[in-house]
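Let's walk through this model together, one element at a time. Please keep the structure open beside the text as you read.

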Amino acid sequence: MTAPEDGFNETIHAPNRLRICAALDAVEEIEFSTVRETLGVSPSVLSKHVTVLCDVGYVEQRRAVRDTRQRVWLRLTKQGRAAYRAHLAALRAIVNADLTEG
C-alpha cells in the first residue's frame, strides 16, 4: 500500500501553480492572457509561476502571432500532466485517509 503523500508535489502544490496546472489539464493549450485573467493575477506573477513549471519540465510555452501581436500559449507536457494528476491523487488520498488507523 502506498502512503497518502506518494505523488505529492511541492512544486505544483503552490496555489497559483496548482490553479495553472488545473487550467492547463482541461485543454490542449491555452493563451497566457486567458490563464492570467482566469487566475486574476498580474502578468509578472503568472510569468514567475510559469517559469518554475517550465524549469521542471511540466509546462511548455509556444509563441505565435495572432491579430498582429505576439502571443504566448501554454500547455502541460506529458510529464507535467502525470505529475499534476499524481498530485491530485495524493491530495485525495490525504483527504480520504482514515486517520483512526495506525
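Helices (H or I, at least four residues) and strands (E, at least two) are DSSP runs, numbered from the N terminus. Axes are lines fitted to C-alpha atoms, for helices over the stretch in contact, and angles run from 0 to 180 degrees between N-to-C directions. Contact means heavy atoms within 4.5 Å. The model is predicted, with local features needing pLDDT of at least 70 and side-chain atom pairs counting only at pLDDT 80 or more, whereas totals for chains, interfaces and linings use all residues. Residues are numbered from 1 along each chain as its sequence is written, and side-chain values use heavy atoms, leaving out hydrogens and water.

Two strands count as paired if DSSP finds at least two bridges between them. Strand 2 (residues 59-66) and strand 3 pair in the antiparallel sense over eight bridges. Along this pairing, Gln-61 stands opposite Leu-74 of strand 3, while Arg-66 has Arg-69 as its bridge partner in strand 3. The two strands form a hairpin with two residues between them, and Asp-67 in the turn has a positive phi of about 55°.

Strand 1 is joined to strand 3 (residues 69-76) by two bridges, and the two run antiparallel. Glu-31 belongs to strand 1 (residues 30-31) and has Trp-73 of strand 3 as its bridge partner. Is Glu-31 buried or exposed? Its relative accessibility is 5%, so Glu-31 counts as buried (buried is under 20% relative accessible area, exposed over 50%, partly exposed in between, with a 1.4 Å probe and protein chains only). Leaving aside residues up to four places away in sequence, Glu-31 touches Arg-66, Arg-71, Val-72 and Trp-73.

Finally, look at a pair of helices. The axes of helix 2 (residues 15-25) and helix 3 (residues 32-39) come within 11 Å and cross at roughly 125°. The two helices are therefore oblique to each other (under 35 degrees is roughly parallel, over 145 roughly antiparallel, 65 to 115 roughly perpendicular and the rest oblique). Helix 2 contributes Asn-16, Arg-19 and Ile-20 to the contact, and helix 3 contributes Val-35, Thr-38 and Leu-39.
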